Each structure stands twice: as structure tokens, then as C-alpha cells.
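Thanks, everyone. Please have the model open, and follow along as I go through a few spots.

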Amino acid sequence: MIVPLTEGWRFHLGEISGGFSGTADELGWEQVSIPHTWSNAEAVPGKGFYSGDSWYSKHFIAQATWLNQRVFLRFEAVSLIGEVFLNGKRLGEHHGGFAAFTYEITDALNFGGDNRLVVRVNNKRRPDVSPLGGDFTMYGGIYRPVSLLITGPVDITPLDYSSPGVFLKQTAVSADRATIEATTEVNNARGSSTAVSVRLTLLDSKGHRVQVHTSAAVVSSRETRPIITNFTMIRPHLWNGVVNPYLYRVQVDLLEHGRVVDTVTQPLGLRSFRVDPARGFILNGVASQIHGVCLHQEFDSQGWAATPADEAEDIRIMREMGVTGVRLVHYQHSQSFLDSADREGLLVWAELAQIDHVNATPEYHENIRQQLVELIRQNYNHPSIFVWSLYNELNSPTKALSTPLIEELVQLAHQEDPTR
């Protein structure tokens, strides 16, 4: 079950005197809804903008029916640093303004009563957090959705870098045959091992069942176990860009003792692609010109606090222009935009938030590796994405530092996803 946390937030611009104790007075804090940014009016040429700490707070009831369940708190993005507290307990701190992050909050909840969620957000650049350059990181805030996820003790884990926990690897695709390796990451929070099965149902674009496959496994206590299901499709309907962006869906049901305890549904657009030195970009065996633009996630008067309707209007304008592909600069964009790109058939260049400069410190290296893994795992199943871009405009003063780092990131990217 997903519970959106959209309304009822309060916001304070600036630091809290004396720091946060878990009981800070919210009197006078502004009422806001999520998504929200505090820089939407200031981040324009010729105007300054606030860079530093600000605070968000929300009260919510943890339903008594959630007792004996697991509850997770998921942020799709916070810019640039998000430190999260629940009922005075510090859950953690996420570095990077463009990827989702998730905490399990089961043990920190007051079931049946009020719970106070507090988030300290900082949009000031730091030497250990990428990007170190660019002119686009002025926006601060919780600018993408926040939600609670409620699962049973055994689930398809949401804690693998906030990925969907299901990875659909297209090992070979042609007009005659497609082979897919589906990996489902199952976590068991029980005190003893349990027998589970993963039921994978392939649905066509109209929701009709095409195939069903089941794999069984025993998952040990406190273990996360990948369960792999391989299947083949004969004469599949291919995802063919804007000409015919045909989408299947894969519904993954997790069963324990024959009962469905968790479900995740992911898109499946079957396609092959490569780049040929003589013929250019080849999609499903056909040379295809890509007519494209670079796109930021910024909107007039809203900054980064965009809605799916805003993004749909961007796509409508691009399609009117004849755009068939888009480079999503210079960072990970929203799930709602990528969902739309899948449906519309746009070819997507997805980019890591690394621009102008790098640092040689272990902290910076750890952070950029984290952001790359988040980018790939959270967006692995989007058929629209055909390339992971690792940097932009790294300048000469840091070339000696950047070259070995980029080589390392290339290896990591191919380890995470050998298909792109």
C-alpha cells in the first residue's frame, strides 16, 4: 500500500535557533504542500537566492492496522542534502539532490497515534557531494513526492537504493524472439526462514494476460535474496520509439504460503539498439535519426516543484517540434517524466549529476558512485533510456583527476547494467 504525504506540511526558511531537538515550535511556520521549493521566485538572473538550511515538518497518524506490518518512508528527491527525523529519532541523511531515498520507519512509529516527521534540507554546495559546478543547483526543497509504503514482513524490498526491487534485463531482442531475465529482490524480516514464490504475469498493452511464470525459493531470516525468472517471447510486439511505443507490463506478485503479500508492476518495452559508425543509431535493426533537445526540470514560477501535467506539456511541445529524443540534463529526472517518455516513445539520454569539476577525495568518489548506482537501479526498467551519461563538460584543471574516476564509473555502469 502507498500513502502519499502531500498536504499538511509546514515550512521554515532558515536555521532553527539552538538547532533541532525533535520538539521545535512550529508556530509561524508557512503551510505548504509537496512538491515544494523555496527558490522558485529568487532563482532568476539578477536576483540572489537563499542557500543554506531550511526545515519541513508534518504530522501524520500511523494507522493501528499497520501494526505487525513494515512501514517505509520514501522521498523521490530532496535538494541537495536531506536529513530526516521521525518522533525525534534521526533516520539518516541523504547526499544528492536528484535521486530517491527510503528509510524503514517501523520501529520509530507511534501506531494508532500522532507522528511528527521533520526534514532539514540544505541546498548549499559541498565539496563531497556532486555536482560541484553548473548553474542549476540553486533550488532547495522537497520538490518531488513523499510517500509511505506499507508491506508485510516479507516483501519485494524497497531498500535497494530505492529501486523497485524488480529488474527486467533484456538479454536478446529481435522481431522473432525476446528473452528476458527478471530478478526480484525478496527480503525476509521474520525471525525464521520462509518459503516464497514469485509469480510473474506478462500483460499486453490492453492489460490482457500473455504469459505467467513462477519461481520458488527459501529466504533466510533477515536475508535479501534475488530470485531469477527467465522467460521467452515469440514474435514480440517491439517498442519502436515514437513510431510505435508499445508497452507490455510485468506484474510481479510475491506469495507466502500461497497468499499474495506484495506486488510490484513495471513497464517492459522490448527493443534492441546500437550505435553504428557508418549508419548512426540503430533501433530494432533500422537506422533512426534522433532529433532532440536538452531538457531541464525547471518551470516558470515553480522552479523544480513540477507536476506531471507540467511535464506532459513539455513533452507535447517537444513532439510538436518533431523531437524524437531528449537528453535529460544534468541529473536524474523524475519517474513521472520517464513514465511519459516510455509511453510517448522518446529516446532518453539519462545523465549523472557530475559537471565542471571533480574532487579527489574518498568522500566525493563515494558520493558519485552512490549517485550512479541510484540513477541506474531506480530507472533500470524504463525502455526509453538508451544511454547512461557519466559527466558533462569536465574542464582541464581537473582532467588529471577526472580521467581515472570516469574510467572507474564506466566499469561500474557496465557492472550495474551491461545492456546500455
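This is a predicted model: local features need pLDDT of at least 70, side-chain atom pairs count only at pLDDT 80 or more; totals for chains, interfaces and linings use all residues.

Three strands make it up, in the order β21-β22-β23. The sheet is open, and its pairing is antiparallel. Which strands stand at the edges? They are β21, residues 273-276, and β23, residues 286-287. Each has a single partner strand, so one side of each has no neighbour in the sheet. β21 pairs with β22, residues 280-283, over 4 bridges. Look there for Phe 273: opposite this residue, in β22, is Leu 283.

Next, the backbone. Most residues other than glycine have a negative phi, and most peptide bonds are trans. Here are some exceptions.

Take Ser 162. Its phi is positive, about 60°, and it is not a glycine. Find Ser 162 in the loop between β11 (154-156) and β12 (166-173). Is Ser 162 buried or exposed? The cut-off for buried is under 20% relative accessible area. Ser 162 has 5% relative accessibility, so it counts as buried. Beyond its neighbours within four places in sequence, Ser 162 contacts Arg 74, Ala 100, Phe 101, Thr 102 and Gln 378.

Now His 257. This residue also has a positive phi, near 55°. His 257 is in the loop between β19 (248-256) and β20 (259-268). With a relative accessible area of 73%, His 257 is exposed.

Last, the cis peptide bonds. One joins Ser 130 and Pro 131, with omega about 10°. Pro 131 lies in the loop between β9 (114-122) and β10 (146-151). Another runs from Val 329 to His 330, with omega near -25°. His 330 is in the loop between β25 (325-328) and α2 (335-344).

Conventions: Residues are numbered from 1 along each chain as its sequence is written. Side-chain values use heavy atoms; hydrogens and water are left out. Helices (H or I, at least four residues) and strands (E, at least two) are DSSP runs, numbered from the N terminus. Buried means under 20% relative accessible area, exposed over 50%, partly exposed in between (1.4 Å probe, protein chains only). Contact means heavy atoms within 4.5 Å. Two strands pair if DSSP finds at least two bridges between them.
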